[in-house]
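Me: Can you take me through this one? I'll ask as I go.
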Amino acid sequence: MKLFAINRSVVGSTLILTTFLALAWLAQSPPVHALSFVMSMGIAWLAYALFFASQELPLFALRWATACAIAVRMAGIWSHPVYEDDWARYLWDGFRFLADGTPYGAPPFSYFEKASVAPAWRVVLAQINNPEIPTIYAPSLQYVFAASAWIAPTSLTALKSLFVIFDLGLWALVARLGGYRAGLRYALCPLVIFEISFNAHADVVGAFLTVASFSLLRKGRSIGSGLAFGLALACKPFAIIIAPSFVRSRWCLVSLGAGTALVALYAPFILTGATEQAGLQQFAQWFEFNSLGFAVLKELAGDAAARILGLALGCALSGALMLRWLYRERDTFPPADIWLIALLLFAPVINPWYFLWAVPWASLRPNPISWSIFPAISLAYLTAGIIGIADHGFYDHPAWVRPLEVFTASAIYLSAAWVVPLVRTRRLGKTEI
């Protein structure tokens with residue numbers, strides 16, 4: 001049985017590595033065919049399930065999996081992004097931050113006709129989506145973008161490398177909090193590998209800071225925890241999912257640290273007259289992508305009302321779940337992944353990389369809901385433009401994509417919550433669950 005467990009674990013981690021190596025090779029000649037993408041992610045997730053099917057992971061399997069997790073990130077760094085161009089905005093923001101002292105104010109579109117823009121930056125500028133909208137990225141992220149521009153201007157490789165440093169740091173934090181198995185649960189996750197090392201999504205910075213804040217709080221370092229929490233909030237408001245952890249702690253010191261971080265980050269930009277709010281206001285007024293509950297609300301109440309109702313319902317549901325944890329389970333790891341899912345349920349935009357904030361918490365406290373959604377959410381990349389449907393907008397979804405996401409998540413959930421336990425108990429000679 002031990003040899004079988006070693007073989008199964010080694011095969012699983014090796015298959016994850018080889019699948020993403022193949023995807024990296026395909027990405028060198030973009031665009032990757034939609035079927036190739038779906039097959040790659042599907043194989044990677046099946047390999048992930050195979051790896052964690054064993055109740056115990058032998059030492060050799062753990063070491064080999066660690067090597068595979070590191071190697072696949074190196075491959076992702078050198079790969080071309082798959083169906084993604086947010087990295088161009090990151091690079092441009094970093095450049096404008098260093099050049100002007102602020103990335104806020106003028107949208108990228110205003111630089112299209114300026115002769116002073118160097119040819120290398122024109123290549124980056126041409127790949128920014130929605131260039132008429134000012135940047136929506138908050139100050140913590142802007143300092144990371146600026147660091148990338150300072151290290152190697154226009155270099156996507158440098159940007160990815162910085163994000164992978166945060167990724168590796170997050171892996172270490174999860175392993176320290178939950179053990180080696182929890183760390184590998186995060187490190188081998190196909191969603192994490194694809195969205196960070198391949199597609200260079202900045203959400204890993206905020207995810208790292210939220211877990212760092214929680215880790216510091218457990219050590220009794222309240223001010224440090226607050227500082228990390230403030231830095232995370234200045235990435236995205238999703239950081240609020242760890243706020244219940246501060247209740248019944250030295251929350252005054254946490255608040256002091258968070259407030260200090262937010263003031264230090266935002267004050268210079270407020271004094272110059274602009275923050276990310278200008279871009280966010282435009283983004284929040286009209287953008288919709290891959291929504292679920294919001295799509296239903298929109299049909300019932302119209303777009304404007306649905307945005308308000310969706311926010312209220314998401315906050316109410318997430319808040320109720322937070323209160324349940326505080327009164328019943330607060331001595332356990334917070335199920336912050338479930339709280340984030342509740343917030344997103346009625347949101348107008350549900351991007352796959354938003355769940356980077358959830359994976360660390362689902363790794364520390366596994367549950368079938370989160371691990372059913374993570375494999376399904378990447379199907380959101382199957383837009384009309386990617387599939388090649390001419391009579392739709394590029395980012396529009398064919399009518400079958402969102403039902404397919406729901407069906408996939410539901411099938412995985414039923415398998416994880418019912419079928420697998422049933423098979424295991426029958427193998428043990430039991431007839432009752």
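Me: Left-handed or right-handed, how does α15 pass α16?
Reply: The crossing of α15 past α16 is right-handed (near helix turned clockwise from the far one by less than a right angle; anticlockwise is left-handed). This is a predicted model: local features need pLDDT of at least 70, side-chain atom pairs pLDDT 80 or more, while totals for chains, interfaces and linings use all residues. Residues are numbered from 1 along each chain as its sequence is written, and side-chain values use heavy atoms, without hydrogens and water.

Me: What angle do the axes of α15 and α16 make?
Reply: Roughly 160 degrees, with the axes coming within 7 Å. Axes are lines fitted to C-alpha atoms over the stretch in contact, and angles run from 0 to 180 degrees between N-to-C directions. α15 spans residues 303–328, α16 residues 336–344. The two are therefore roughly antiparallel (over 145 degrees).

Me: Which residues meet there?
Reply: From α15, Gly314, Cys315, Leu317, Ser318, Leu321, Met322 and Trp325; from α16, Ile338, Trp339, Ala342 and Leu343. Contact means heavy atoms within 4.5 Å. Nine of these residues are nonpolar, two polar and none charged (Gly counts as polar, Cys and Trp as nonpolar).

Me: New topic. How many helices and strands in the protein?
Reply: There are 20 helices and zero strands, taken as DSSP runs (H or I, at least four residues; E, at least two).

Me: And how much is buried?
Reply: Of the 433 residues, 52%, with buried meaning under 20% relative accessible area (1.4 Å probe, protein chains only).

Me: What box do the C-alpha atoms fill?
Reply: Roughly 75 × 55 × 50 Å along the principal axes.

Conventions: Parallel < 35°, antiparallel > 145°, perpendicular 65-115°, else oblique. Buried < 20%, exposed > 50% of the residue type's maximum accessible area, 1.4 Å probe, protein only.
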